[in-house]
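Please open the model in a viewer and keep the sequence panel at hand.

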Amino acid sequence: MDCVIQVETLSKTYGTLTAVDHLNLCVERGTVFGLLGANGAGKSTTIECILGTKKPDCGTVRILGQNPATDRKKLFERVGIQFQEANYQEKITVRELCEVTASLYRKADDFRRLLAEFGLADKEKSPVNSLSGGQRQRLFIVLALLPDPEVVFLDELTTGLDARARRDVWKILSELKAKGLTILLTSHFMDEVEALCDQICILKHGRPIFYGTVAQAVEQSPFEQFEDAYLWYTEEE
């Protein structure tokens with residue numbers, strides 16, 4: 001088993017609050033892995049610990065066989081990251097932001113090609129702060145893909161996109177997966193999870209309450225639809 005992202009007994013607490021509780025994950029190369037759960041379930045803390053931006057209380061993490069906390073410079077060229085919130089200079093244009101981001105890497109992908117793929121070719125000269133929420137979301141995915149990474153982290157990747165744009169993004173990500181890209185994503189859209197994810201982990205209070213495929217999640221629940229099963233696991237319904 002080729003684990004591109006391997007997490008073993010990961011735990012993180014904040015005082016008396018346990019955000020992540022002895023979590024084990026293995027994300028295999030060329031797959032899409034969905035980290036799911038209600039708000040406050042521990043998804044963000046888990047990703048921050050995996051990326052090495054937060055120090056876990058115990059446990060080990062490896063990305064591409066390396067420790068993200070101590071080998072960050074080595075991993076920088078091989079990992080792409082997209083978050084819902086991003087800070088950038090006021091009035092910076094789409095092209096300028098792409099150029100600045102590309103300059104951080106020794107070898108960056110063609111940002112104009114990526115902008116075209118994500119329907120942003122005509123926004124190259126537009127200020128980033130003039131873009132709609134959905135357009136900014138697509139731009140942040142482009143920035144995550146600029147280093148031509150082996151693994152990419154996508155946080156709520158299609159928030160703010162209409163149905164057509166969401167499906168266009170799914171198609172592009174499926175094509176990238178077919179080329180060997182490994183993707184770890186979070187999402188609150190269960191149709192998106194069904195369309196993209198090879199495996200999922202559902203967190204509740206920092207603990208995994210389900211780990212497997214979407215089909216297995218449905219099979220092990222009293223429901224026939226995945227969204228209903230997800231709500232049952234998380235007890236949101």
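Select glutamate 150 to begin: with a relative accessible area of 28%, this residue is partly exposed (buried means under 20% relative accessible area, exposed over 50%, and partly exposed in between, with a 1.4 Å probe and protein chains only). The model is predicted, and local features need pLDDT of at least 70, side-chain atom pairs count only at pLDDT 80 or more, while totals for chains, interfaces and linings use all residues. Residues are numbered from 1 along each chain as its sequence is written, and side-chain values use heavy atoms, with hydrogens and water left out.

**Salt bridges**

Helices (H or I, at least four residues) and strands (E, at least two) are DSSP runs, numbered from the N terminus. Arginine 78 is partly exposed, at 27% relative accessibility.

Next, select aspartate 191 and arginine 166, whose side chains form a salt bridge at 2.9 Å, N to O. Aspartate 191 belongs to helix H7 (residues 190–196) and arginine 166 to helix H6 (residues 163–178); the two are 25 residues apart and link distant parts of the chain. Aspartate 191 is partly exposed at 35%, whereas arginine 166 is buried at 10%.

The structure holds 13 salt bridges; another of them pairs glutamate 48 with lysine 54 at 2.7 Å, N to O.

**Cysteines**

How many disulfides does the structure hold? There is one, defined as a pair of cysteine sulfur atoms within 2.5 Å. Select cysteine 3 and cysteine 26, which are joined with an S to S distance of 1.8 Å. Cysteine 3 sits in strand E1 (residues 3–14) and cysteine 26 in strand E2 (residues 17–28), 23 residues apart. The torsion about their S-S bond is about -95°, so the disulfide is left-handed. Cysteine 3 is buried at 17%, as is cysteine 26 at 11%.

Finally, select cysteine 58: its sulfur is 10.0 Å from the closest cysteine sulfur, in cysteine 49, too far for a bond.

Terms used. Salt bridge = Lys/Arg side-chain N within 4 Å of Asp/Glu carboxyl O.
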